[in-house]
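The sequence and structure are shown first.

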Amino acid sequence: PISTLSFRRQRQMCIRDREYAACMAIARSNPKAAHESALAWRKKGGGDAAIHCIAVALLGMGQYSQAARMMEELADQPNPGRSDLRAGLYGQSANAWNIAGRPQTAVRLLTKAITLQPENLDLLIDRSIAHAGLGQYWQSLDDLNVVVTKEPDNVDALIFRASAWRKVGTLDLAEQDIITALALKPDDPDGLLERGLIRKTQGAITAARKDWLRVLEISVKGPLTEAAQRNLETIDVRQ
């Protein structure tokens with residue numbers, strides 16, 4: 001039979017899990033409200049779950065460095081048997097540092113995460129992005145080669161690898177990867193943007209323009225459309 005103490009602990013855990021799920025849901029839709037709620041929850045003994053929710057809310061509020069530090073501190077706590085949880089926290093912290101303009105810190109934390117979860121291909125893709133942010137394109141390619149070997153149909157990895165090949169001047173391999181990626185997902189905006197860049201480098205300006213115009217047609221206004229517009233303006237000025 002379950003003891004009264006054991007039952008009480010299980011009940012507390014269920015309550016905490018529900019509070020955590022609710023807090024995380026609010027953090028994604030209303031980060032400021034989630035931040036205030038999580039701070040109050042932390043004072044009442046919310047523990048690591050409350051701290052994580054605070055960090056996610058801070059991400060939503062654009063306070064990337066502070067959120068990254070909190071997640072790294074949580075990941076650094078020893079938690080036997082939960083390497084997946086620690087790897088996830090290192091990965092989240094790393095991505096926040098990358099957004100904050102600290103790709104070197106992101107690489108360090110992602111390396112820790114990959115040590116804990118070597119089969120997590122998303123972590124390898126994230127580290128490849130951080131390497132690229134440092135101009136370390138060959139290291140980026142090393143990570144992406146592992147991903148594509150294990151998942152040949154991983155469209156994101158193929159697009160990122162095409163970009164890395166372009167950056168190191170290997171346009172034949174860049175073209176090969178982007179053809180494969182867009183055959184799998186023809187209207188992928190990232191893929192179209194990258195194919196335009198490859199075509200521009202090859203001197204195929206008309207084809208590049210077509211790709212970037214397509215990005216503007218299918219994408220919601222944001223960084224991708226801004227990049228496509230900038231590239232269109234660049235070739236217009238030259239012409």
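In this predicted model, His52 is placed in helix α3, which covers residues 47–60. The relative accessible area of His52 is 9%, so this residue is classed as buried. Beyond its neighbours within four places in sequence, His52 is in contact with Tyr20, Met24, Met71, Leu74, Leu89 and Gln92.

**Overall architecture**

The secondary structure consists of 13 helices and zero strands. Along the sequence, the pattern is accordingly written α-α-α-α-α-α-α-α-α-α-α-α-α. Taken along the principal axes, the box filled by the C-alpha atoms is roughly 75 × 35 × 30 Å. The protein has 239 residues, of which 39% are buried. Among contacts with a separation of 6 or more, 42% come from residues 24 or more positions apart. The accessible surface amounts to about 13300 Å², and carbon and sulfur atoms contribute 52% of that area.

**Charge and salt bridges**

The protein carries 31 positive and 28 negative side chains, with the centres of the two sets 8 Å apart. Side chains of opposite charge can pair when their charged atoms come close. How many salt bridges does a search of the whole structure find? The search returns 11 salt bridges, and the table lists some of them.

| Acidic residue | Basic residue | Closest N and O atoms |
| Glu194 | Arg166 | 2.6 Å |
| Asp188 | Lys185 | 3.6 Å |

The salt bridge between Glu194 and Arg166 links distant parts of the chain, since Glu194 belongs to helix α11 (residues 189–202) and Arg166 to helix α9, 28 residues apart.

Glu217 is exposed at 59% relative accessibility, whereas Arg214 is partly exposed at 30%. Through salt bridges that share partners, Asp187, Arg214 and Glu217 are joined into one network.

**A patch of negative charge**

Which residues gather in a patch of negative charge on the surface? The members are Asp122, Glu151, Asp153, Asp156 and Asp190. One of them, Glu151, is located in the loop between α8 (137–150) and α9 (155–167). With a relative accessibility of 37%, Glu151 falls between the 20% and 50% cut-offs and so counts as partly exposed.

**Summary**

The model is a protein of 13 helices and zero strands.

Note on methods. Residues numbered from 1 in each chain as written. Predicted model: local features only at pLDDT ≥ 70, side-chain atom pairs only at ≥ 80, totals over all residues. Heavy atoms only, no water. Patch = residues over 30% accessible without salt bridge, like charges linked within 9 Å, V, L, I, M, F, W, Y side chains within 5 Å. Areas by Shrake-Rupley, 256 points an atom, 1.4 Å probe, with all protein chains shown as cover. Salt bridge = Lys/Arg side-chain N within 4 Å of Asp/Glu carboxyl O. Lys, Arg positive; Asp, Glu negative; His and termini not counted. Charge placed at Lys NZ, Arg CZ, Asp CG, Glu CD. Helix = DSSP H or I, 4+ residues; strand = E, 2+ residues; numbered from the N terminus. Buried < 20%, exposed > 50% of the residue type's maximum accessible area, 1.4 Å probe, protein only. Contact = heavy atoms within 4.5 Å.
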